[in-house]
Amino acid sequence: MGEEQTMLTDEEVAQSTRISDIYAAAKRLEGIVRKTPLVYSEFFSEISGNATYLKLENLQTTGAFKLRGAYNRISMLTEEEKARGVITASAGNHAQGVAYASQKLGVNAVICMPATTPILKVEATRALGATVVLHGNGFDDAYAHSLELQKEKGYVYIHPFNDRDVIVGQGTIALEVIDALKDVDAILVPVGGGGLSSGIALAVKLVNPQVKVIGVEPENAACMKAALSCGRTITLPSADTVADGCAVRTAGKLTLEFCRLYLDEIITVSEMEIMSALLSLIEKHKLIAEGAGVLSLAALSKLRMKDKKVAVLISGGNIDISTISALISKALISRARVFRFSVQLPDKPGQLLTVAQILTDQDANVIRLDHDQTMVTDSFQKVQLTVTVETHGQEHIDRIVYALAANGFEINKIY
């Protein structure tokens, strides 16, 4: 940000930013970022009651939207600032955006990331030539450490969200959405620190104020909703969410002003809603996204509108295999697609076969079975059987439980 801007209040910066700034950013990003697809979704249209289009920033270079803001900011540095190098803090996607932009522009970059950051994001950042410093248990710890290093070494700070030029760069997404879907009625956008929602809301309202811009936050990390409610930034006691890219405890002061001026509302979603949205995206569209990337999808069923054209931003797809496996498993359980139970059986031949036949008759596919005599401590005449089966929903589970009970088997439901 220039000297003139730093003399303005956050509200004045937000009010003075013009659509020409966003078009200028789009020009700078030509040949650097992809104009990602906007894809109609029959499945999500049906469940939401609105014609739903997916803006696939998970297919962006570096796998997320963050490159837009990072490149726009770094490309505007003076030669003296570029020579000093840049530093930032990030849970992953902004890190890769800064690393990629710095590599393209010949700038040294230092990235502070939480020690808990998925290894995929850490290695991807290092592969782009940045120096990675792992510190703390979350974004706020890494951010505090990055400020110490910036003061010590004299780096230029590239904030992941609380920066006008970063915000303007993110706003270029809105130009692409409106260009591809000129009669769009609403755009849903994930909210972490607020940079993405600020940029998109600003661009949309300057181009077509009739279009609604709706932010979506995790219930467990709704820092922007809390800030808007009380009119100032506040720090949440925690930000524990599967949407790790939005696990921010304190919204930006500048982004708060942009969101206050231009964002129409914020919807919050639960952890199970996030995981269920991820599973649906994989099953119905064969697309991979991270937890933060599907926040907007998770809010579709909560929209207070019908028969409208809605664009949903899938903001990022950087997720490691172990994490996605765990999220899918939890989503399957929440949808009653997996059922695990234990039952004590008389220790005599034929009991296991009887249980297996009941499950077969109920069309339950066994995916795991444990038969253990040592688990029953009150009787040497019994064994414990633990079974995991694939199911088709709660009604199917109820039928299985009823069939087992009708044959004298009293089960203990594990999940």
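Modeller: What follows goes from the whole chain to the salt bridges, and then to a helix and a sheet.

The model is predicted, so local features need pLDDT of at least 70 and side-chain atom pairs count only at pLDDT 80 or more, while totals for chains, interfaces and linings use all residues. Residues are numbered from 1 along each chain as its sequence is written, and side-chain values use heavy atoms, with hydrogens and water left out.

The secondary structure of the chain consists of 19 helices and 14 strands. Both are DSSP runs numbered from the N terminus, a helix (H or I) having at least four residues and a strand (E) at least two. The C-alpha trace spans about 85 × 50 × 40 Å along its principal axes. Of the 415 residues, 55% count as buried. Buried means under 20% relative accessible area, exposed means over 50%, and partly exposed lies in between, with a 1.4 Å probe and protein chains only.

On the side chains, the chain carries 41 positive and 47 negative ones, and the centres of the two sets lie 3 Å apart. Here Lys and Arg count as positive and Asp and Glu as negative, whereas His and the chain ends are not counted. Each charge is placed at NZ of Lys, CZ of Arg, CG of Asp or CD of Glu.

Across the whole structure, a search finds 24 salt bridges. A salt bridge is a side-chain nitrogen of Lys or Arg within 4 Å of a carboxyl oxygen of Asp or Glu. One of them joins arginine 260 to glutamate 11, with the closest N and O atoms 3.1 Å apart. This pair links distant parts of the chain, since arginine 260 is in helix H14 (residues 253-262) and glutamate 11 is in helix H2 (residues 10-16), 249 residues apart. Arginine 260 is partly exposed at 42% relative accessibility, and glutamate 11 is partly exposed at 32%.

Another salt bridge is formed by aspartate 264 and lysine 205 (2.8 Å, N to O). Aspartate 264 lies in the loop between H14 and strand S9 (265-269) and lysine 205 in helix H12 (residues 195-207), so the pair ties together parts that are 59 residues apart in sequence. Aspartate 264 is partly exposed at 35%, but lysine 205 is buried at 15%.

A further pair is aspartate 370 and arginine 368, whose closest N and O atoms are 3.2 Å apart. Aspartate 370 is partly exposed at 28%, and arginine 368 is partly exposed at 47%.

There is also a network of salt bridges, which links Lys55, Glu57, Arg68 and Glu176. Arg68 is among the buried residues of H5. In helix H5 (residues 66-75), 9 of the 10 residues are buried. The cover over these buried residues includes helix H3 (19-28), helix H7 (93-105), helix H11 (172-180) and S6.

S6 leads on to the sheet. Four strands form an open sheet in the order S5-S4-S3-S6, with parallel pairing. Strand S5 (131-134) and strand S6 (156-157) stand at the edges with a single partner strand each, so one side of each has no neighbour in the sheet. Two strands pair if DSSP finds at least two bridges between them. Strand S3 (residues 86-89) and S6 pair in the parallel sense over 2 bridges, and valine 86 has valine 156 in S6 as its bridge partner.

Note on methods: Contact means heavy atoms within 4.5 Å.
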